[in-house]
Amino acid sequence: YDALRRTEWSGEFEQLMRNRLIMGALRYGVFGDRRKPAYDRMARAERLIAQYRETRNREALVDLANMALCEYVEGRGHWEPQDDGEHTEISA
């Protein structure tokens, strides 16, 4: 378990996310700020996926992760864990 905790994460990716989240807080407000407008983060996430598919620029992945995090923290969704039976396919 300890070995997996060390290998199954990217500190670089996390640092890039945090850097952008800090800049985002300065631009758009901190998490939970009631004055922030409601952003359509899922539409932005879809655009970022398309952008990454087209360019393979990993910056889009960091932004995508942050959109998911912001939606998780401030979105209107709910938490209902379930196994959907879907698994990631191996790409050619």
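The structure is a predicted model, so local features need pLDDT of at least 70 and side-chain atom pairs count only at pLDDT 80 or more, while totals for chains, interfaces and linings use all residues. Residues are numbered from 1 along each chain as its sequence is written, and side-chain values use heavy atoms, with hydrogens and water left out.

Read from the N terminus on, the order is simply α-α-α-α. The radius of gyration is 15 Å, well over the 12 Å that the globule rule gives for 92 residues, so the chain is more spread out than a compact globule. That radius is taken over C-alpha atoms, and the rule is 2.2 Å times the number of residues to the power 0.38. Along its principal axes, the C-alpha trace spans about 45 × 35 × 30 Å.

What share of the 92 residues counts as buried? The figure is 15%, where buried means under 20% relative accessible area, exposed over 50%, and partly exposed in between (1.4 Å probe, protein chains only). Arginine 56, in the loop between α3 and α4, counts as exposed because its relative accessibility is 53%. Arginine 56 also has a positive phi of about 60°, although it is not a glycine.

Next come the pockets. On a 1 Å grid over the protein atoms alone, a pocket is an open set of points where a 1.4 Å probe fits, with protein on both sides within 12 Å along at least five of seven lines; lining residues have an atom within 4 Å of a point. The largest pocket holds about 600 Å³ of space and is lined by 21 residues, with Arg20, Gly24, Tyr28, Met67 and Cys70 nearest its centre. Two or more lining residues come from each of α2 (11-28), α3 (41-55) and α4 (59-74), and α2 gives the most, with seven.

The second largest pocket has about 280 Å³ of space. Its lining consists of 13 residues, and Ala38, Tyr39, Arg41, Glu74 and Gly75 lie nearest its centre.

Definitions and conventions:
Points joined across faces, edges and corners; volume = space filled by probe spheres on them. Helix = DSSP H or I, 4+ residues; strand = E, 2+ residues; numbered from the N terminus.
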